There are 2 protein chains.
Amino acid sequence: MPARYLVARELAELFKALAHPDRIRIVEELRSGERDVNALAIALKMTPARTSQYLAVLRLNRLVEERRDGRHHFYFLEQPDVAQWIVTGLTFIERRFNAIDPAQIASVRAIWSAPADPPTSDRTEETSSSPQKD
Amino acid sequence: MPARYLVARELAELFKALAHPDRIRIVEELRSGERDVNALAIALKMTPARTSQYLAVLRLNRLVEERRDGRHHFYFLEQPDVAQWIVTGLTFIERRFNAIDPAQIASVRAIWSAPADPPTSDRTEETSSSPQKD
DNA sequence: CTGATATATTCGCATATGCGCATACAACGA
DNA sequence: TCGTTGTATGCGCATATGCGAATATATCAG
C-alpha cells in the first residue's frame with residue numbers, strides 16, 4: 001500500500017476534523033487554556049450536546065484531551081501548535097471570494113496570534129452576557 | 001455578524017476543500033509544476049472526470065488556477081505555499097492512531113519538502129507503468 | 001442510603017452534503 | 001466531420017449535520 005496515499009488519507013482526516021466553523025472556534029477558545037463543556041457551549045452559543053459531539057471529533061483526532069474533575073469535563077489542546085498552524089491557513093483564504101473584508105482577517109489573525117487570554121474567571125453558572133470579542 | 005465566526009467559516013471551507021486524499025495528492029503533484037488533467041489522472045490512477053471535478057473544487061477555493069493551451073487544460077498551484085503548509089500539518093497526525101508508521105510519514109515529509117521534481121517528460125499517452133515513488 | 005440536581009454524553013431521526021460512477025455534452029484540432 | 005480532451009449532469013449510496021429526548025455520571029441534601 002503506497003505510503004503517500006496512506007499519509008494523504010490521514011491528512012484528509014485531520015482536515016475533515018477541522019472542516020467545521022464551530023470546531024475551529026473550539027480550538028480558538030482552547031488556546032487560552034482548558035475549558036469545561038458548559039463554558040465552551042456558552043462562549044460559542046451552542047447546546048452542550050453539540051459541543052460535546054464536536055469535542056469528541058477533535059478528541060478522536062488527537063487535537064484535544066479531556067481532564068475530569070468532579071462533574072466537570074475539562075478539555076484542552078493536546079497539540080497547542082495546531083492553533084498557530086490554523087492561523088497560518090488564513091494566508092490562503094485572503095484571496096477567497098470577496099466575502100471577507102481583509103481587515104476582518106487581519107483582526108482575527110491578531111487575536112489568534114496574540115498570547116492567549118487567560119481564561120476569564122467567570123463562573124460557568126452565568127448563562128449570559130459573558131464578555132465576547134465577536 | 002461576528003468577524004471571528006465569518007473567518008472560521010471560510011477557514012472551514014478551506015479545510016473542506018483539502019479534506020480528501022485525492023485532492024491532497026493533486027496539490028502534491030502540482031508542487032513540481034503545472035499538469036494537464038490527463039497527466040494528473042494517470043499519476044493518481046483516477047478517471048479524467050473525477051480528476052476534473054476535484055480540480056474544480058480546488059479552483060473554487062483559489063488553490064489552483066487553469067491555463068488553457070489548445071485542447072489541454074493545465075493546472076498549477078495558485079498559492080504554492082499551501083503545499084508547505086500541508087506538510088506542516090503532518091506534525092499533527094503523527095500521534096494519530098498507530099495506523100501509520102512514523103517512518104512512512106518521515107519519508108513523505110522528505111518527498112514533499114524536497115525541491116519539487118521537474119515534471120517527467122512522459123507523454124500523457126502512456127496509460128500505465130509511470131514511475132512512481134509510492 | 002435515597003432522591004434531587006447539575007453536568008455531559010449518547011441515541012434516534014430527518015435533512016443535507018460528499019462521493020463514486022456512468023454518461024452525456026462541449027471545445028478543440030486534424 | 002471525426003477523434004481527443006475536458007467538463008457537466010444525474011443517480012445511488014454513504015456519511016455529516018442539527019436537534020430533541022433519553023441516558024449516564026457525579027455531587028449534594030436529607
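Arg4(A), Val7(A), Ala8(A), Leu11(A), Ile24(B), Glu28(B), Val108(B) and Trp112(B) line the largest cavity; a cavity is a set of points, on a 1 Å grid over the protein atoms alone, where a 1.4 Å probe fits but cannot get out, and lining residues have an atom within 4 Å of a point. The model is predicted, so local features need pLDDT of at least 70 and side-chain atom pairs count only at pLDDT 80 or more, while totals for chains, interfaces and linings use all residues. Residues are numbered from 1 along each chain as its sequence is written, chains are lettered from A in the order in which they are written, and side-chain values use heavy atoms, with hydrogens and water left out.

The elements that give two or more residues to this lining are α1 (3–18) of chain A and, from chain B, α2 and α6; helices here are DSSP runs (H or I, at least four residues), numbered from the N terminus. Helix α1(A) provides the largest share, four residues. Sorted by class, the lining holds six nonpolar, no polar and two charged residues (Ala, Val, Leu, Ile, Met, Phe, Trp, Tyr, Cys and Pro count as nonpolar, Asp, Glu, Lys and Arg as charged, and the others, Gly among them, as polar). The space in the largest cavity is about 30 Å³, a volume being the space filled by probe spheres set on grid points joined across faces, edges and corners.

Two of the lining residues, Arg4(A) and Glu28(B), also meet through their side chains in a salt bridge (2.6 Å, N to O). The term stands for a side-chain nitrogen of Lys or Arg within 4 Å of a carboxyl oxygen of Asp or Glu. Side chains of opposite charge can pair when their charged atoms come close. Over all chains, the count comes to 18 salt bridges. Because Arg4(A) lies in helix α1 of chain A and Glu28(B) in helix α2 of chain B, this pair joins two chains.

Turning to the interface, 50 residues of chain B are in contact (heavy atoms within 4.5 Å) with 50 residues of chain A. Across the interface of the two chains, two salt bridges are found.

Key
On a 1 Å grid over the protein atoms alone, a cavity is a set of points where a 1.4 Å probe fits but cannot get out, and a pocket is an open set with protein on both sides within 12 Å along at least five of seven lines; lining residues have an atom within 4 Å of a point.
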